[in-house]
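Trainee: I've just opened this one and I'm new to it. Could you walk me through it?

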Amino acid sequence: MPTLKRTNVLTEVRTHYCPGCGHGIAHRLVAEVIEELGIREKTIAVAPVGCAVLMYDYFNCDMTECPHGRPPAMATGIKRTQPDKIVFTYQGDGDLAAIGTAETIHAANRGENITVIFINNAIYGMTGGQMAPTTLTGMRSTTSQDGRGEHGEGPPLKVCELLSTLDGVCYLERTAVSTPKDVNATKRAIKKAFQNQIDGRGFSLVEVLSMCPTDWKLSTAQSVDFVNNEMKEAFPLGVYKDKG
Amino acid sequence: MNKVHFDKHRCKGCGMCVLFCPQKILRMSAGLNDQGFPYPELTDPDRCTACGMCFRMCPDCAIQVDKDGVKIKDKKETTDVTK
C-alpha cells in the first residue's frame with residue numbers, strides 16, 4: 001500500500017471549518033482527484049458563499065470567488081472563454097439550492113461542460129443554522145423551531161431528482177462522506193465528474209451528504225449517525241443520471 | 001516505529017479517527033494542541049494495520065499512514081496558525 005498523505009493540491013493552510021465538518025473530507029477528495037488526473041495546472045475553481053467561502057486559501061490551483069449562488073454562471077463564462085481549462089464549482093446547499101437555483105438549473109439545462117460539487121448538510125452553516133431548502137421534514141433549525149413542515153415550509157428540495165429531468169445533464173450522483181465506504185464512493189463519483197468534463201460530455205454534478213455537528217447541535221458520532229440514518233433516507237444515494 | 005503519524009497541531013479534536021478505527025486503538029489526548037483541541041494518540045501501535053480508515057475520515061488531513069513505518073519521523077509539524 002502506498003503512503004497515504006496530504007496531497008500537494010491542498011495548501012498547508014489550516015481550514016476554518018468546525019471540528020467534524022464534512023467539508024474537509026470533500027476538499028481532500030477533490031484535491032486528490034485533481035492530482036490523480038494531473039490537471040492542477042489547468043484547473044480553475046469557483047468558490048461559493050457559505051462555509052466554503054475561504055476555500056481559495058486551501059487549494060493550490062487557480063481560484064475565483066463568486067457572488068452568492070452564482071458559481072454555475074461564472075463557471076459558464078470561464079469555461080466558454082477558456083475551453084481548454086477544467087472548471088469546477090464547489091457549492092453548499094444554501095448557495096446551490098436556494099439563492100442559486102436559477103443559475104444551477106439553467107447551467108444544467110444548457111449542458112455547460114463544467115463540474116459541480118454540491119455539499120448538502122441540510123442547514124445554513126455559516127450564518128448559524130437557519131433552515132435551508134434541503135432541511136429535512138421535522139428537523140429543527142433556528143428558523144424552523146417547531147420542525148420543518150409545521151408552518152408551510154414544504155418538503156426538502158431534492159436537487160439530483162430535479163436535475164435528472166433535464167436533457168443537458170450528463171452525470172448526477174448523490175453520495176455521502178459519513179463512512180469510509182461512502183468516502184471512497186464519493187471519490188469515484190468526483191473523479192468521474194471531472195473525467196466527463198475532460199472528455200467534453202457536459203454538465204456533471206455530485207451531491208455529497210455531509211455532517212454539520214455544530215449547527216445540528218450533535219456530537220461527531222451523533223452527526224455521523226444522523227447522516228447514515230436520516231439524511232440517507234430522505235436523500236437516497238445513487239446515480240441519478242449517467243449519459244457516459 | 002508507528003505506521004500512522006498525527007500532525008497534532010492541525011487536529012481539531014473531532015474524534016472521527018477514534019470513531020472509525022477498526023482496531024479501536026486510538027484515543028483523544030488529555031493534553032491540548034496549540035489550537036486548544038485534544039488530538040489522537042495510539043494506545044497500541046503494534047496492533048495498527050495501516051488500513052487508512054483514520055486517514056480517509058480525517059476532515060483536516062492531519063493523518064499520514066505508511067505501511068512500512070518509514071520516514072514519518074521526519075515529517076514537519078504544522079506550526080503556523082494563520083497561513
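Trainee: Let's start with chain B: how many helices and strands does its secondary structure come to?

Mentor: Keep in mind that this is a predicted model. From the N terminus on, the elements of chain B run β-α-β-β-α-β. Tally them by type and you get two helices and four strands.

Trainee: And what share of the residues of chain B count as buried?

Mentor: For chain B, residues 24 or more positions apart account for 64% of the contacts with a separation of 6 or more. As for burial, chain B has 83 residues, and the share that counts as buried is 39%.

Trainee: Where is Gln35(B), and does it count as buried, partly exposed or exposed?

Mentor: Look in the loop between β2 (26–28) and β3 (40–42) of chain B. Leaving out residues up to four places away in sequence, Gln35(B) touches His9(B) and Lys12(B). Buried would take 20 or more C-beta neighbours within 10 Å, and exposed 12 or fewer. Gln35(B) has 16 inside 10 Å, so it counts as partly exposed.

Trainee: How far apart in space are Gln35(B) and Gly52(B)?

Mentor: In sequence, 17 residues separate Gln35(B) from Gly52(B). In space, going C-alpha to C-alpha, the distance is 25 Å.

Trainee: Over to chain A. How far does helix α6 reach from its first C-alpha to its last?

Mentor: Helix α6 of chain A covers residues 180–198, which is 19 residues. At 1.5 Å a residue, 27 Å is expected, and the span in the model is close to that. After the helix comes Gly200(A), with a positive phi near 70°. The reach of α6(A) itself is 27 Å.

Trainee: Which element of chain B do the buried residues of α6(A) pack against?

Mentor: The buried residues of α6(A) include Val183(A), Ile190(A) and Phe194(A). Within chain A, their packing partners are α1 (23–37), β3 (86–92), β4 (115–120), β5 (169–176) and β6 (203–209). From chain B, the partner is α2 (53–57).

Trainee: How many residues of chain B are in contact with chain A?

Mentor: Chain A brings 23 residues to the contact, and chain B brings 25 residues. On the chain A side, α1, α6 and α8 (220–234) each supply at least two residues. By class, that side has 12 nonpolar, six polar and five charged residues. The number you asked for, on the chain B side, is 25.

Trainee: Which residue stands opposite Tyr90(A) in β4(A)?

Mentor: β3(A) has parallel partners. With β1 (residues 43–47) of chain A there are four bridges, and Ile44(A) stands opposite Val87(A) there. With β4(A) there are five bridges, and the residue opposite Tyr90(A) is Ile117(A).

Trainee: Which residues have the most contacts inside the largest nonpolar core?

Mentor: That core has 90 residues, and α1(A) gives the most to it, with seven. Beyond its neighbours within four places in sequence, Ile117(A) is in contact with residues including Ala26(A), Val30(A), Phe88(A) and Ile190(A). The residues with the most contacts inside the core are Ile117(A) and Cys54(B).

Technical notes:
Residues are numbered from 1 along each chain as its sequence is written. Chains are lettered from A and ligands numbered from 1 in the order in which they are written. This is a predicted model: local features need pLDDT of at least 70, side-chain atom pairs count only at pLDDT 80 or more; totals for chains, interfaces and linings use all residues. The expected span of a helix is 1.5 Å times one less than its number of residues. Two residues are in contact if their C-beta atoms, placed from the backbone, lie within 7 Å. Ala, Val, Leu, Ile, Met, Phe, Trp, Tyr, Cys and Pro count as nonpolar, Asp, Glu, Lys and Arg as charged, and the others, Gly among them, as polar. A nonpolar core is a set of buried Ala, Val, Leu, Ile, Met, Phe, Trp, Tyr and Cys residues joined through C-beta atoms within 7 Å. Two strands pair if DSSP finds at least two bridges between them.
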